[in-house]
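I opened the model today to go through its strands, its core and a few loop residues. My entries follow in the order I looked things up.

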Amino acid sequence: QVLLVESGGGLVQVGGSLRLSCTGSGTSFKGYNMGWYRQTPGKEREFVAARSWNNVHTSYADAVKDRFIISRDDDKNAVYLQMNNLQSEDTGVYYCNKDTRLAGTPNQNFWGQGTQVTVSS
């Protein structure tokens, strides 16, 4: 059974930081682009960040550029999202995705259950 498990979400004040983690079981991240997406109530899931399979290229949504950093550790089969200077509009459920396109198109077959991030003012 393929499982992607996100963790690290929580409640943080505006300007604070969180680090999200995503680990995989029953599947390897090695050789695949990995990405993060988020969703708020009433809105479609949107692209946040992606890192290429060879750990060379990254892409970010304009809304998070210069504040968020995506990284990966294939030895640990994990991908991370360091989120700094969080704003209220960053509130949402964050999902990792395996085999995403760097342009921000997810592979619909590989989602985790998500982790809630709430930014309070």
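Entry 1: I looked up the strand order and found an open sheet of four strands, ordered 1-3-8-7 with antiparallel pairing. Strand 1 (3-7) and strand 7 stand at the edges with a single partner strand each, so one side of each has no neighbour in the sheet. Direction ignored, neighbouring strands of this sheet are turned by 15° against each other on average. I note the angle convention: axes are lines fitted to C-alpha atoms, for helices over the stretch in contact, and angles run from 0 to 180 degrees between N-to-C directions. Strands here are DSSP runs of E with at least two residues, helices are runs of H or I with at least four, and both are numbered from the N terminus. Two strands count as paired if DSSP finds at least two bridges between them.

The model is predicted; local features need pLDDT of at least 70, side-chain atom pairs count only at pLDDT 80 or more, and totals for chains, interfaces and linings use all residues. Residues are numbered from 1 along each chain as its sequence is written, and side-chain values use heavy atoms, with hydrogens and water left out.

**Entry 2: the pairs in that sheet.** I went through the pairs one by one. Strand 1 and strand 3 run antiparallel and are joined by five bridges; Ser7 stands opposite Ser21 in strand 3. Ser21 also has a bridge partner in strand 8, namely Tyr80. Strand 3 and strand 8 pair in the antiparallel sense over six bridges. Six bridges also link strand 7 and strand 8, again antiparallel, and Ile70 stands opposite Leu81 there. The hairpin of strand 7 and strand 8 has four residues between the strands, and Asn77 in that hairpin takes a positive phi near 55°.

**Entry 3: strand 10 and its partners.** Which strands pair with strand 10, and in what sense? I found strand 2 (residues 10-13) in the parallel sense over four bridges, and strand 9 in the antiparallel sense over three bridges. Gln13 has Ser120 as its bridge partner, while Val93 has Gln116.

**Entry 4: the core.** The largest nonpolar core has 26 residues, and the members that touch the most others are Trp36, Val48, Phe68, Val79, Leu81, Met83 and Tyr94. Strands that each supply at least two residues of this core include strand 3 (18-25), strand 4 (34-39), strand 7 (68-73) and strand 9 (92-98). The largest share, four residues, comes from strand 5. A nonpolar core is a set of buried Ala, Val, Leu, Ile, Met, Phe, Trp, Tyr and Cys residues joined through side-chain atoms within 4.5 Å. Buried means under 20% relative accessible area, exposed over 50%, and partly exposed in between (1.4 Å probe, protein chains only).

Strand 8 is mostly covered, with five of its six residues buried. I listed the contacts of Val79 (heavy atoms within 4.5 Å). Leaving aside neighbours within four places in sequence, the partners of Val79 include Leu20, Cys22, Phe29, Met34, Trp36, Ile70 and Cys96.

Entry 5: The phi of Asn55 is near 65°, a positive value in a residue other than glycine. Asn85 has a positive phi too, near 50°. Asn85 sits in the loop between strand 8 and strand 9 and is partly exposed, with a relative accessible area of 39%.

**Entry 6: the whole chain.** The secondary structure comes to zero helices and 10 strands. The radius of gyration is 13 Å, close to the 14 Å that the globule rule gives for 121 residues, so the chain is as compact as a globular protein of that length. That radius is taken over C-alpha atoms, and the rule is 2.2 Å times the number of residues to the power 0.38. The C-alpha atoms fill a box of roughly 40 × 30 × 25 Å along the principal axes. Of the 121 residues, 44% count as buried. Among contacts between residues at least 6 apart in sequence, 58% join residues at least 24 apart.
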